[in-house]
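Keep the picture open while you read.

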Amino acid sequence: MTTTTVANDFRPILFKAFQFIEKFRELFPDIPMQTISVFLIIAMKPGISQRELLKLMGTSQSGVSRNVMALGDVNRHGKPGLGLIVQLRDPFDARQISLGLSPTGKMLVDRVIASLSKVWPDMRP
């Protein structure tokens, strides 16, 4: 007979991660996981440069640009983006772009945290 100890049971953590992802999918049913990852990094590191984001993501420049545009006001096809982030050019170096949450993005983070904290009390800041 084999037994699994509680210390090795990662199912509760995985379920919480699943719930978090599902909250995004409720609001944006077709959002790719990579776009969610970009959004979460920007939420955790406001003011991050697009160059630093590229290093953290470990993906291609085009992939990061595509996801940043999707999260911004206008996507790469010239259609409305999700409006969750803002891009700010450095006034001293136009090549440097810092990324932050838009008011809508901040509300989304607050909404997701509030919703999940009802079922996941230790998630409160």
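1. Start with helix 4 (residues 61-71), whose buried residues are Gly-63, Val-64, Asn-67, Val-68 and Leu-71. Here "buried" stands for under 20% relative accessible area, with exposed being over 50% and partly exposed in between (1.4 Å probe, protein chains only). They span an arc of only 130° around the axis, so they sit on the same side of helix 4. That arc is taken from the directions that run from the helix axis to the C-beta atoms. As background, an α-helix has 3.6 residues a turn, so residues three or four places apart point the same way.

2. Before going on, a word on where this comes from: the model is predicted, local features need pLDDT of at least 70, side-chain atom pairs count only at pLDDT 80 or more, and totals for chains, interfaces and linings use all residues. Residues are numbered from 1 along each chain as its sequence is written, and side-chain values use heavy atoms, with hydrogens and water left out.

3. What covers the buried residues of helix 4? The cover includes helix 2, helix 3, strand 2 (85-90) and strand 3 (93-101). Helices (H or I, at least four residues) and strands (E, at least two) are DSSP runs, numbered from the N terminus.

4. Now look at helix 3 against helix 4: their axes come within 10 Å and cross at roughly 115°. Axes are lines fitted to C-alpha atoms, for helices over the stretch in contact, and angles run from 0 to 180 degrees between N-to-C directions. Gln-50, Leu-53, Leu-54 and Met-57 of helix 3 meet Gln-61, Val-64, Ser-65 and Val-68 of helix 4, where contact means heavy atoms within 4.5 Å.

5. Helix 2 (residues 33-44) and helix 3 (residues 50-57) have axes that come within 11 Å and cross at roughly 125°. That makes helix 2 oblique to helix 3; angles under 35 degrees count as roughly parallel, over 145 as roughly antiparallel, 65 to 115 as roughly perpendicular and the rest as oblique. On the helix 2 side, Gln-34, Ser-37, Val-38, Ile-41 and Ile-42 make the contact, and on the helix 3 side Leu-53, Leu-56 and Met-57 do.

6. Finally, zoom out. The protein chain has 5 helices and 3 strands, in the order α-α-β-α-α-β-β-α along the sequence. Buried residues make up 30% of its 125 residues. Of the contacts in the protein chain with a separation of 6 or more, 41% come from residues 24 or more positions apart.
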